[in-house]
Structure formats: structure tokens, C-alpha cells
Amino acid sequence: MKALQETGPFEGYDSEIHPLGSYGVLVGTFSTTVLGFLGWMGATGRRLPERFSGGDLALFGAATHVVTRMVAADKVTAVVRAPFTRFKGDASAGEVSEQARGTGFRRVMGELLDCPFCLSPWVAASFLIAATVRPRQTRFVASIFALSGTSFFLHRTYEWLGEGLHRTRAQARRLQKEQEAQEEDSEANVQLPGRGPQVVEPGRAPIPSPS
């Protein structure tokens, strides 16, 4: 069976193997989930919130950022990605670098789980759906991740400030050493009176030459 990119209007999309059919499954799953939820809300007589407050959007936005980073790159959540990705190396702040493996749907899942940008719509939709049905519980869970993200940025701020302070101190010490070396060189090149070569004239005592 030919791959989707080898048939019909998709033929010639690229020279590499991109499982367009599996991509389509993911897009269909996401769309069906969101539309299905909206249909269920209408069928049961429930009403969507007219709007979410700015505070809720900020909270869910921060939580979405943290959750996507955690799922896509955290060292501990590697157990979720391992069937679909291959470990490449450790990264900073407890994260790892991975690459999707396999073919077909397995590879597509690896690409999704390894990409925080790709995961963002899924996580954001999950928070909004949950907040529509259980707003208090959803705010509680989202607050956990939002506070975790705040703590992370504070840790990174301390690291950046500490690194900047270390660089400033090291530069000051280096400049001081260079200044001391220049002063030592200047003192070594200065000849005091009486230490230079002497000129002796007949019938007179030696006269020190000017320095």
C-alpha cells in the first residue's frame, strides 16, 4: 500500500518519509474530540462560558506552558515518550534531548510528544474543556503547574544573576592583575641615579651618567 504522500494530490510532497496519513489521524482525533465535546454540551443542555476571565486565561496559559515542557522534555516523563522516541543526550534544567523513531503512527507520536509547540493545542484544549465542566478543580490543578513554572523561572533568574556576578568578579580580578603587571613593568624600566653606567674623566672622580 502506497503512503499518502505518494498518491493523488499529495504525490511529490517531499523526498523524505513524512507519514501524512498518520498526521491526518492526529488532526482528525483533535478535531473530533473538540467538536464532540461541543456537541455533547449542546445535547445535554449545558452552556459554554460566555468568556473566560483574563486571570483564567493567564493561569491556563502558564499551566499549558509548564505541562507541555514537562511532557515533551522532562527527564522523569521519559517513560511516557520512550516507546516513541530515542534518547540523544541530557539537556539543561533536568531535561533531555530525544528524537522520534520508527515509522508511521509510531513516528508521528514521537514527533508530537517531543515537540512542546505541537503539544500546546492539546494541553490547552484539555484545560479549557476541564474548566468548562469542573472549573474549581481545574483551577486548582492549573495553579500547581503555574506555581511550578514560577519557581522554575526564579531558579533560572538566580542562576543568570549568579553567573553574571561571577563573570563581573572574574573580569575585575583580571583587570587588576593586568594593571599590577603594567606597574611592575614600568618600575623595571625606570633607572635610578647612580645605577647607570659611569663616565670617568682624567683627573676627576667618576660622575654618574644621567639616567
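Modeller: Ala, Val, Leu, Ile, Met, Phe, Trp, Tyr, Cys and Pro count as nonpolar, Asp, Glu, Lys and Arg as charged, and the others, Gly among them, as polar. On that scheme, the lining of the largest pocket divides into five nonpolar, five polar and three charged residues. The model is predicted, and local features need pLDDT of at least 70, whereas totals for linings use all residues. Residues are numbered from 1 along each chain as its sequence is written.

Colleague: Why is Cys115 called buried?

Modeller: Cys115 has a relative accessible area of 17%, and buried means under 20% (exposed is over 50%, partly exposed in between; 1.4 Å probe, protein chains only). Cys115 is therefore buried.

Colleague: Why does Cys118 count as partly exposed?

Modeller: Its relative accessibility is 35%, and the class lies between the limits for buried and exposed; Cys118 therefore counts as partly exposed.

Colleague: What makes strand 1 and strand 2 a pair?

Modeller: Two strands pair if DSSP finds at least two bridges between them; strands are DSSP E runs of at least two residues, numbered from the N terminus. Five bridges join strand 1 (residues 85-90) to strand 2, and the two run antiparallel. Phe87 stands opposite Glu98 in strand 2.

Notes: Predicted model: local features only at pLDDT ≥ 70, side-chain atom pairs only at ≥ 80, totals over all residues. Heavy atoms only, no water. Helix = DSSP H or I, 4+ residues; strand = E, 2+ residues; numbered from the N terminus.
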